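Please keep the sequence and the 3D view open as you read.

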Amino acid sequence: MNEELAVHIAAFAAAIEDEVTAEKASERTHRHALVEGTLVSDTGDENFLYFFSTPYEVNLPEESMIQLEVDGRVVQGVYAGGDRDLVSIASSEFLGAQVRAATMIATPWDLLLKLEDRLNALKDEDDCGRALALLSPPAPGNSLPELNGAFVDNRWLDPSQRDALQKVAERDVSFIWGPPGTGKTWTVAYLVRELIERHKSVLLLAHSNAAVDVATLAVVNACRGTPYLAQGAMIRYGILIRRDLLVESDINPLNILARRNVDAERFVGLQSRRRDLLEHAKREELFDTAEFETVRGDMGKLRHRVDKELKKLVAETQVVATTLTKLALSDELMERSFDVVIIDEASMSLVPYDVLAASRAQGKIVFAGDFMQLPPIASGTTPAVREWLQRDIYQVRGITQAVRAGQEVPDMAMLRTQYRMHPTIRSTVSRLFYQDRLDDGERIIVRTSSIARLAPFEGQAMAAVDTSLLQTRCYREVKGYSRLNLVEAVTVLTIAAGMLSRYPDISIGVVTPYTVQARLLGTMARELALDRERLTISTVHRYQGSEVDVVIFSLTDGEPQWSMSTLTRGNLEDWDVDPAPRLLNVALSRARGKFILVGDLDFVHDRGAQDSVLRHIVSIIEQEGAVRRVDPRALSDVREWLPNRVVDGQRIVVGERARHQGWLLEQARSARHTVTVGVPQGAHVSPLMARLLASVSPDCRLHYADHDGLRAAARHFGASEPYPGEGVLESFIQIGSHPLVLEGTLERGARSAYLALDLPATNWFFLKNAGFVPESLLGRNPEAAKGKGRRRRGFGDDMTAQDTASASTPHRSVTPAQPEETPLPLADGELLDPRPSCGS
């Protein structure tokens, strides 16, 4: 091995060891609560693919070996990937069609240690492919001269895509810079097709199974009308997540083997029978255990011979698509080389994996990605981790610095024509992040203007809802640095619910920089039974690679925090080292036709740096005249705006102190067990809080944040217990498990209002994570106790007509009728009224 490469591998090993130490010290990487498991399919081998919901986003390397604890059983499995509040698990055993709850035990550092072993093994190899070239200065290379000029007349590619592939032809190490919506993966797919035609071997890689599936499907589409895939030119090696790939038999390794090998043919037949048994179990909730075990035993007898043939297939197939982690785990891949290695979504892959992949390239190594989007994730804080695991290959090669300085990058080509975003959104994204280099594809204005015309903000592709007058409060998570904002969450879901009800064909993505805010929004959306087929809720980190019609961005930041966080305060000058510009770029560029920012804009102007990316975005929206301030003087009952199958007793009420007090007092009188109350230190117990406490039966137990006024109220109760109340920043009362009344949240001068949430799981989550009530006093999470109350739809499930009808039916309030109030005003001279038209 070259001495220079050995030095780099030693540096990688040091970084990996530091990251392993950091991961072992992090409890959140060890045990993960999973609920609402649904069998999706088998995985093409002996495993069973399940989707589980999680109360938080799980950040684990894909292909991690895990254990599942289910009803006292311990089952081996593989973590196949995560998508927002959903994780995919390939279980080694059948767990049933539905799994109410499970615990996943993970040791993600095992994959890093395997990567370290693979890198160290390179020291004994005489030929390490393009590994050293990847870490060396740019140089011309023409290992495949037949590619030169091959794409000039390709009518399926636009000019910048053809130029990018010409760059690949001219260089043995090349980079395709693909900003959002520019067809990066499509470009890669046509490169693979051209290489297949020229009988060149290809290793197609990405950091996740989902990304590999997207790239594989693009190649399948690019090769339609050709005999290549039917002839077995390509396989998808590993766990398939996408259903549309599961039916593509020409890239399924077992199906290819079944055409050539008797054992494999019988194995696939048994697999098909097993699938039928599983589908029957899902439909009928019955399971033929005896036949299932017979089929499984017969498959086990064939397993060794089929595995042997599968390894031969992987070693011989012209194009192999898999994950970077699967590469490190696979002897059959590490023992062969390829004419071309391609890494898609390259900005998110760890550099040591990139070097390992380059070692398999005898001809060319190609990186396709966008360094203005999210970087790789590593939890360590040492200099070695920051140097080699938290920077992408574009930074390591000096490409980002060169672009920032306006210098030419000889081994990189940029895709310039985008086909996703409304021109207004594209203009902002291009100006802030891509030096005004992006332009629009044909008819993009036609495809996206219909979305921009939707209410609210008719005709505006970018807009903002300013919650400054609501005096929303932003809380820091008790056990961490994440943030949450309850009133903003209500505002965001009010807008989302109204749009879902009015427009049955749109998709909406609610995104936020903060994990705990995403969890709060997700909990509230589940309790309100919003249509989660069309509404996705996630942190920005989970949204890269996705696109939706409308993005609603929950900023979350506000008083009493002293400043914007590191996730939102970054400026344009630091975009190559600061996370905020990349996060905001991803949030903006997911939207096809409309982007709505919801947040406290006074806080942004007061606490955000003048040159911060967020201030630039707000300024652009303000210049368009699309900022509307929510005025608490005209707040209405937002229950009516949250119609989607909200059952009786699940309500949200926003009003002044004089409004709905009859309902609140009724709830207080109906309390039977426990009431919890808190008032900020230095504040008085308000008349509303005093009336509510006086209405509660003295037989109830009172938990109260230690406060002079509440000590006096506690004498009304037979049993009471104080607790330290340093985290209480607003007056609140929790009547039983619900409702929660938060007073002083909505204030403007002498007009004080309250927010009442009759949502048990949302209330529990907020009180716990905002630090209002110690977890020991809250009891069990109501959502976990009910198993979330619904089954997640698996692949192939469709919404019924009854579902659709009920999803658009407004909730009928059970509270006494009140005089009409003006809906929430979001425009001068016009009102945002997100109530469904069918309810008017």
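Arg397 is buried in this predicted model, because its relative accessible area of 15% falls under the 20% cut-off. The residue sits in the loop that links helix H15 (393-396) to helix H16 (399-404). What does Arg397 touch, not counting residues up to four places away in sequence? The answer is a group made up of Ala133, Leu134, Leu135, Ser136, Pro138, Val173, Phe175 and Asp411.

Now for two helix pairs. Two packed helices can be described by the angle between their axes together with the distance between those axes. The table sets out both values for each pair.

| Helix pair | Angle between axes | Distance between axes |
|---|---|---|
| H1 (residues 3-25) and H2 (residues 109-121) | about 165° | 10 Å |
| H21 (residues 579-589) and H23 (residues 613-623) | about 35° | 9 Å |

Take H1 and H2 to begin with. Their angle of about 165° is over 145°, so the two helices are roughly antiparallel to each other. The crossing of H1 past H2 is left-handed. On the H1 side, the contact involves Ile9, Phe12, Ala13, Ile16, Glu17, Glu19, Val20, Glu23 and Lys24. These meet Trp109, Leu112, Leu113, Leu115, Glu116, Leu119 and Asn120 of H2. Sorted by class, the contact of H1 with H2 holds 10 nonpolar, 1 polar and 5 charged residues.

The second pair brings together H21 and H23, packed at about 35° with axes 9 Å apart. Here Pro581, Leu584 and Leu588 of H21 make the contact with Val613, Leu614 and Ile617 of H23. Which classes do the residues of this contact belong to? The contact of H21 with H23 has 6 nonpolar residues, with no polar and no charged ones.

Of its 11 residues, 10 are buried, so H21 is largely enclosed by the rest of the structure. The buried residues in H21 are Ala580, Pro581, Arg582, Leu583, Leu584, Asn585, Val586, Ala587, Leu588 and Ser589.

Finally, the chain as a whole. The protein chain has 30 helices and 30 strands. It contains 840 residues, and 60% of them are buried. Its accessible surface is about 32300 Å², with 48% belonging to carbon and sulfur atoms. Among contacts between residues at least 6 apart in sequence, 75% join residues at least 24 apart.

Note on methods:
Residues numbered from 1 in each chain as written. Predicted model: local features only at pLDDT ≥ 70, side-chain atom pairs only at ≥ 80, totals over all residues. Heavy atoms only, no water. Axes fitted to C-alpha atoms, helices over the stretch in contact; angles between N-to-C directions. Helix = DSSP H or I, 4+ residues; strand = E, 2+ residues; numbered from the N terminus. Parallel < 35°, antiparallel > 145°, perpendicular 65-115°, else oblique. Left-handed = near helix turned anticlockwise from the far one by under 90°. Contact = heavy atoms within 4.5 Å. Nonpolar A, V, L, I, M, F, W, Y, C, P; charged D, E, K, R; others polar. Buried < 20%, exposed > 50% of the residue type's maximum accessible area, 1.4 Å probe, protein only. Areas by Shrake-Rupley, 256 points an atom, 1.4 Å probe, with all protein chains shown as cover.
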